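Have the viewer open and follow along.

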Amino acid sequence: MRIFDPHIHMTSRTTDDYERMAAAGVRALVEPAFWLGQPRTSPDTFADYFDSLLGWEPFRAGQFGIRHHATIALNPKEANDPRCRPVLDLLPRYLEKDGVVAVGEIGYDSMTPEEDEVFAAQLALAVAHELPALVHTPHRDKARGTERTLAVVAESGIDPGRVAVDHLNEVTVELVRDSGCWLGFSIYPDTKMSPDRMVELLRRYGTERMLVNSAADWGRSDPLLTRATGEAMLLAGFTADDVDRVLWRNPVEFYGQSGRLDLADLDDADATFEGNSILRGGN
Amino acid sequence: MAPENRTTETTRTAEVDRLRAALHGVPDPQWLADALHRVAAEPATVPRCFAAAGRRCGRDPLPDAPGWTADEAARALLLAALPADHAGHTDTLYRYGDAAEKRAVLRALPLLDVGPAGVPLLHDAIRTNDTRLVAAALGPYARRYLDQPAWRQGVLKCVFMGVPLYVVDGLDDRADAELATMLAGLAAERTAAGRAMPDDATELLSRLSATQEG
């Protein structure tokens, strides 16, 4: 089973997780820029974070043969902090980088006027830089938040086929399916979505435009739940090809629209430095 | 201009010409030619084409310039094309660069007329734990300008990280008794732990010990 995790926050995970993910079949992933738990107070600290998403994390992932890409944005929660607003001025530089395959995570947290403004500005950046957009839906007031999200996406003029709306559930799935956007589901140990509920949604709505991620981060989460979902699909009678479509070909197709997804030579992507193992990494 | 500086400039020009020739067969040579013109005329446009160089020129090794990949060589040419009074862009491109861009800046330093101004970038790269950056920081520019304590730490860090010592330019010219002492200390720790030293480090230590005894 080859797995592409289209949304996982590896910054918050250990190197052991990379090792376990590689053993479970994860060969590529996308790490969206997000809220780190601790509020940030200046744009400089975002620059360091973005640098890490394009430097250190791809290096860590590469040690286990995993291809790492990123999405870059000012996240919805910190869009409300005026001290972080100048991050918008940093974005054009980062949105030109090789490893950046979308603008994200953008969208709503508390649905404030500040979030409206920053969301719309970043959808415009996605259009200007010819990138897809990864859109987070709020944890609170999710159904109305999703409706409002889709209205802003429609108003921005971006092609809905270049937008993934994430963290969906049974209540929000149809809204997004009808919009033409891609549908993201974050499989969590006990909150957003579980493997069995996901299988039920796939049975009901099919595999087209469906993206399954672990969204593993600093909270209680599990980077192997993509694999668990693939296994639950097989148990429920889906074919290996169905699993490959959901866990590999769909995310490749979605992020491939950036023109920057680099999956070349993945089969022989051993972590070597000019032929020498780098797995020791300074121990 | 002093004769020595003239020689250095001639060497830099020859190296730039060599990379330019080696890039002849890239997928989109016209893009590179246009970008080099644009950067020379409007230096403020360099961040965008610097970021795009890998996508436009590819990332494969260049057969006619051993040790260089197409993206690194293209980025080095872009830096060399900047007007002399715009060297500050080099710092900014490193500061906001992804790992491949940072590596290209480090590789390009010997081709640029910046004197020792690039040394802080070497310090930054050697502090990282990214083998690609540490290796790129120990080339000909480090050989000429990096202070001896930082250079020794860089070499020792290569041994720690499993980076082959052939990446260190002028290794035997700059290796000294203090580096030998540091390597011997590491070898003792490794022996005590039942772990091996990389062969190239053991060989360097033997050469240094032989020199000191001789």
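A:Ala79 counts as buried because it has 27 C-beta neighbours inside 10 Å; the cut-offs are 20 or more other C-beta atoms within 10 Å for buried, 12 or fewer for exposed, and partly exposed in between, with C-beta atoms placed from the backbone. You'll find A:Ala79 in the loop between strand S3 (67-72) and helix H4 (87-94) of chain A. Helices (H or I, at least four residues) and strands (E, at least two) are DSSP runs, numbered from the N terminus. Leaving aside neighbours within four places in sequence, A:Ala79 is in contact (C-beta atoms, placed from the backbone, within 7 Å) with A:Leu74, A:Glu114, A:Glu115 and A:Val118. From A:Met1, A:Ala79 is 78 residues away in sequence and 38 Å away in space, C-alpha to C-alpha.

A word on the ground rules. This is a predicted model, where local features need pLDDT of at least 70 and side-chain atom pairs count only at pLDDT 80 or more, while totals for chains, interfaces and linings use all residues. Residues are numbered from 1 along each chain as its sequence is written, and chains are lettered from A and ligands numbered from 1 in the order in which they are written.

Now for the sheet. In chain A, eight strands make an open, parallel sheet in the order S1-S2-S3-S4-S5-S6-S7-S8, where a pair of strands needs at least two DSSP bridges. Its edges are S1 (3-5) and S8 (210-213) of chain A, each pairing on one side only. From one strand to the next, the twist averages 25 degrees; angles run from 0 to 180 degrees between N-to-C directions, with axes fitted to C-alpha atoms, for helices over the stretch in contact. Helix H5 (residues 113-128) of chain A packs on this sheet, touching S4 (100-107) and S5 (133-136) of chain A, with its direction at about 165 degrees to that of S4(A). Helix H6 (residues 142-156) of chain A lies across S4, S5 and S6 (163-166) of chain A, at about 170 degrees to S6(A). At one end of the order, S7 (residues 182-186) of chain A pairs with S8(A) in the parallel sense over four bridges, and A:Ser186 stands opposite A:Asn213.

Stepping back, chain A has ten helices and ten strands in total. Of its 283 residues, 46% count as buried.

Key
Two residues are in contact if their C-beta atoms, placed from the backbone, lie within 7 Å.
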